[in-house]
Amino acid sequence: MKIKTAILSIVSLLCMVACSSDYVPKPKGYNRINLPPHTYVGLTDTLPYHFEYSGHAKVYEDTSYNAEPYWLNVYYPDYQANIQLTYKDIDSEDKLETLLEDSYRLTANHQIKASAIEERILGTPYGKKALIAELQGEVPSQFQFYVTDSSKHFLRGALYFRTATKNDSLAPVIEYIKMDMVHMLNTLQWEGERTSG
């Protein structure tokens, strides 16, 4: 009888512990993203500009309906990320002013969803000056830039993701690709000024 009472007591104790209402749900987690080391390869020589881009990306010509010559996409298949590059020849001061206004407008269009837009000028080892814009919040493009020599060349780039994943979850990938985009700018040379090596 003592054994039955002891077993009944243990079962009762286990039921009371198991049925307690002190359950606390775990916070929402995010998938771990493993990012490879940065490696770079050079762009082909058939364009009016040259830079090094990520060895983990694929470069292909922009084939959208409004694409112009020398427009490219630098696509990261593992992250569904795309850097859209648009290039324009500058043939007049009016055209440069229009390109600068368009670039500013395209960045400003994100103000509706952006919690902050930080713009700054980056000087490159090849003497270029690029304006870069970092956008915070749930914006479709988190990093943009343009670079020009003010007389012949104008190149604009913008990072986009082809996914519905929120930007806070993508933060490590955004930072990773921003480093690649800065490397593009730091290695950018216009046609005719390319150094060997």
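Trainee: What percentage of the 197 residues of the protein chain counts as buried?

Mentor: First, a word on what we're looking at: this is a predicted model, where local features need pLDDT of at least 70, side-chain atom pairs count only at pLDDT 80 or more, and totals for chains, interfaces and linings use all residues. Residues are numbered from 1 along each chain as its sequence is written, and side-chain values use heavy atoms, with hydrogens and water left out. Buried means under 20% relative accessible area, exposed over 50%, and partly exposed in between (1.4 Å probe, protein chains only). Of the 197 residues in the protein chain, the buried share is 36%.

Trainee: And where in the protein chain is confidence lowest, and where is it highest?

Mentor: We go by pLDDT, the predictor's confidence in each residue, from 0 to 100. The protein chain averages 82, and 74% of the residues score at least 70. Where pLDDT is low, the predicted coordinates should not be read in detail. The lowest mean, 66, belongs to helix α1 (residues 2-18), while the highest, 97, belongs to strand β3 (residues 52-54).

Trainee: How many helices and strands does the protein chain have?

Mentor: Both are DSSP runs numbered from the N terminus: helices are H or I with at least four residues, strands are E with at least two. Reading from the N terminus, the order is α-β-β-β-β-β-β-α-β-β-β-β-α-β. That gives three helices and 11 strands.

Trainee: Which elements hold glutamate 134 and lysine 178, and how many residues apart in sequence are the parts they tie together?

Mentor: Take the bridge between glutamate 134 and lysine 178, with its closest N and O atoms 2.4 Å apart. Glutamate 134 sits in strand β8 and lysine 178 in helix α3 (residues 167-187), so the parts tied together are separated in sequence by 44 residues.

Trainee: How about glutamate 175 and lysine 178: how many residues apart are they in helix α3?

Mentor: These two form a salt bridge with the closest N and O atoms 2.8 Å apart. Both lie in helix α3, about one turn of the helix from each other, and the spacing is three residues.

Trainee: Is lysine 178 buried or exposed?

Mentor: Compare its partners for a moment. Glutamate 134 is buried, with a relative accessible area of 12%, whereas glutamate 175 is partly exposed at 43%. Lysine 178 has a relative accessible area of 9%, so the word is buried.

Trainee: Which residue in β9 stands opposite isoleucine 132?

Mentor: Two strands pair if DSSP finds at least two bridges between them. Strands β8 and β9 (residues 143-148) run antiparallel and are joined by five bridges, forming a hairpin with five residues between them. Opposite isoleucine 132 stands phenylalanine 145.

Trainee: In which loop does tyrosine 70 lie?

Mentor: Tyrosine 70 is worth a look: its phi is positive, about 75°, although it is not a glycine. Its relative accessible area of 37% makes it partly exposed. The loop is the one between β4 (58-61) and β5 (72-76).

Trainee: And serine 150, which loop is that in?

Mentor: Serine 150 also is not a glycine, and its phi is positive at about 70°. With a relative accessible area of 48%, serine 150 is partly exposed. Its loop runs between β9 and β10 (153-161).

Trainee: Last one: which backbone nitrogen does the side chain of serine 54 reach?

Mentor: Serine 54 is in strand β3 and counts as buried at 1% relative accessibility. Contact means heavy atoms within 4.5 Å, and leaving out residues up to four places away in sequence, serine 54 touches Thr39, Tyr40, Val41, Tyr76 and Asp180. Its side chain also reaches, at 3.0 Å, the backbone nitrogen of histidine 56.

Notes: Salt bridge = Lys/Arg side-chain N within 4 Å of Asp/Glu carboxyl O. Polar contact = N/O pair within 3.5 Å; in protein donor to acceptor, adjacent residues only side chain to side chain.
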